[in-house]
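Work through the exercises below with the sequence and the model at hand. Try each task before reading its solution.

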Amino acid sequence: MMIALNAVSFRYPRGNWILKDINLHIESKKCTFMVGPNGGGKTTLGKLMTGILKPTLGDVFVDKLNTKQAKLYQVGTKVGYLFQEPERQIFAATVRDELAFVMELKGIEKEVIEQRVEVALVRFQLQEVADSFPFQLSRGEKQRLALATVLMNNPSFLILDEPTTGLDVERKERLSEIIRELKKRGTGMVIISHDERFVEKHADRIIIVAGGGARDGG
Amino acid sequence: MIPIKAENLSFQYRQNSKIILQNIDLTVDKGEILAVAGLSGAGKSTLCYCLCGIIPHVYNGLMTGNVYINGKNTRDLTLPQIATMLGIVFQNPDNQLFSFSVEDEIAFGPENLCVPRSEIERRVTETLKTVGMQEFRHAGPQQLSGGQRQLIALAAVLSLQPEILIFDEAMSQIDSAGKKMVRDMILKLKEEGKTIIMVEHDFENLALADRVLVLRDGRLAPFNGQLL
Amino acid sequence: MAGKVSLDPRTKLFMVLAISSLAVFLTNIYLLLLVLLLAVAALAFAGGSIVDLLGKLKRLIAIFIAIVFVQSIFTKGGQPLLQAGELVILSDIGLTRGIQTMLRFFIILSSAAIMTTSNPREIIQGLIQCKVPYEIAFMVTVAIRFFPILRDEVNDIMTAIQLRGINLKQVPFLKRLKTYSYLLSPMLFSVFMKSQDLSVAMEMRAFRAYPRRTSLRVLHFRTQDYQVMALCTIIFLAIVFTALKAG
């Protein structure tokens, strides 16, 4: 499993180039951080890696799937993506439903779903709000819920866009544990972050994204 | 005059639901930087809403006790009236930017305060410089990254030049160069005698504060290095 | 996308009103065609993209062909041009009415495109300087900003669902329908919350603190604006006169 970007450039129609001629190979089983200044193109790069955005020039391969041709759900079975704004990816009526609903659509048995939901609620400290309306949670709770739903799929690769935003020290430590756990399991990760301590703690590789380019650093 | 004073402030969304704020007494002095820490979900944003009048004016719920801004009870003021004294920067930049360009966004506040055009022009230029976003003056909000939007949200409140400022985790997505700029700006505002309340997780930002309080179980307590 | 000439948004509004009122009142196909050409010319003059416009119009052509046939089948009278047994599929009246409708829509769309060549903030300023109360003018902005927000919201949700490995096309129709209806209320709620947040953000920046407000931008009519409006009036009157004379 790997993500490869071959000579990738990106811009929105009629916009300026956001990324220019990027060549990157990201192996799984590693924790790769993307760092760099605001507006440097980190989020855009992350979205290219999941096929949410398609490259203007060049190709992005997710485990041999070319994102230009692949459907989102095909990439989605391999790669989990955490949006910078958690509100963008939560939409069910309760926290419990949010965790369960994809499995329901896939036709998984009820008991199995319930059991997995309980595990996730505990793991992400969401028991207290299990029956609350997701939009009324605090920012940190929304973030944890979003991450929990992404992990329900057991993706072999994860892309996290600023996962520490809105997390307090204790919750950050909890997130660190989860990352260590995932690493042990062999889940590849690309994490976009400017939280320097967090980067130091987990990075196997650091990519600096700035001025439309990406290079290895630090 | 005391910029912000909360007296026996309590809040819960519904009768019998969890009490989010409990009998809070708080006085923030002129020229003081107060930081409020606490676990996520502890009610820090709710406290901000109470201090700036959004509660009880916008959100439903049970608020008891009173909040005074410059000696006036928030219950007797409208939000636009409060905005002439106090500016608040919210967490999520997407929910506070509504203009078609950065320039319009920053000019919006002073326009409402009937500031003369030449002065608005000056403030737009100055605040953009303060947050290091001069080159984005004519950009649309969708062209900006999350951190850049937060900087614009900050600039849009700074241009109002309020006496009291509340930052509700307003730096969470800003890069380290930007954070340094914002910290310098906060210290400069303090020198100018502005009163600042900031909700923060970041220890580096907590260091700016004259006083750090922790919100825990609905009560404010002095910070001793522990959030729990 | 600034045009070669930057007209005052009020001038553009004037042109749009003149053109679209002609579109509503005229019935003669040749005159409608003339107005359409004028509208496209005005759009080009204002700096709009005709390529974009043609793209939009192309998508509507199928609908108008359908209208021609529907009009033919359900309108009595006229000379049949195409018949299947007793049923008139295409008649001259149907054809005329269909073409009229099509031309009207095209004219209105082309003239509306003229407004999109202005910065929306300038349009609001134009409205305010035409004595529209600023609260109402800004309400319009928020509404304009709102559609892209709603669209993004729907797109994001669809993206997020698919990224969770769901192929919506493979989900059985009834189940999919259930999913949509199930998502509808949280989605509407989130849009509602977002609009509430935006209005709070506006008020917390002193919106409506005073009955008046100043503005960084102020619009001034220039000579070219007066010239364009004069020309516009002359053409308008000439077309109305021709139409009346032709009966």
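**Exercise 1.** Locate A:Thr164 in chain A and decide whether A:Thr164 is buried or exposed.

Solution. Step 1: A:Thr164 sits in the loop that joins strand E7 (157-161) to helix H6 (169-185) of chain A; helices (H or I, at least four residues) and strands (E, at least two) are DSSP runs, numbered from the N terminus. The model is predicted: local features need pLDDT of at least 70, side-chain atom pairs count only at pLDDT 80 or more, and totals for chains, interfaces and linings use all residues. Residues are numbered from 1 along each chain as its sequence is written, chains are lettered from A and ligands numbered from 1 in the order in which they are written, and side-chain values use heavy atoms, with hydrogens and water left out.

Step 2: The relative accessible area of A:Thr164 is 7%, so this residue is buried (under 20% relative accessible area; exposed is over 50%, partly exposed in between; 1.4 Å probe, protein chains only).

Step 3: Apart from neighbours within four places in sequence, A:Thr164 is in contact (heavy atoms within 4.5 Å) with residues including A:Gln143, A:Leu175 and A:Phe198.

**Exercise 2.** Describe the interface of chain C and chain A.

Solution. Step 1: Count the residues: 22 of chain C are in contact with 29 of chain A.

Step 2: The two chains bury about 2,500 Å² between them, 68% of it on carbon and sulfur atoms. Buried area is the accessible area (1.4 Å probe) that two parts lose on being put together, summed over both. On the side of chain C, C:Leu163, C:Arg164 and C:Tyr182 lose the most area to chain A, together 32% of what that side buries.

Step 3: The rule finds one salt bridge across this interface (a side-chain nitrogen of Lys or Arg within 4 Å of a carboxyl oxygen of Asp or Glu). The side chains of C:Arg164 and A:Glu98 meet in a salt bridge, at 2.9 Å from N to O.

**Exercise 3.** Which residues of chain B lose the most area to chain C, and how many salt bridges are there between these chains?

Solution. Step 1: Chain B has 40 residues in contact with 28 residues of chain C, and the pair buries about 3,200 Å², 62% of it on carbon and sulfur atoms.

Step 2: B:Phe98, B:Phe100 and B:Glu111 lose the most area in chain B, together 22% of what that side buries.

Step 3: The count is five salt bridges. C:Arg217 and B:Glu103 meet through their side chains in a salt bridge of 3.6 Å, N to O.
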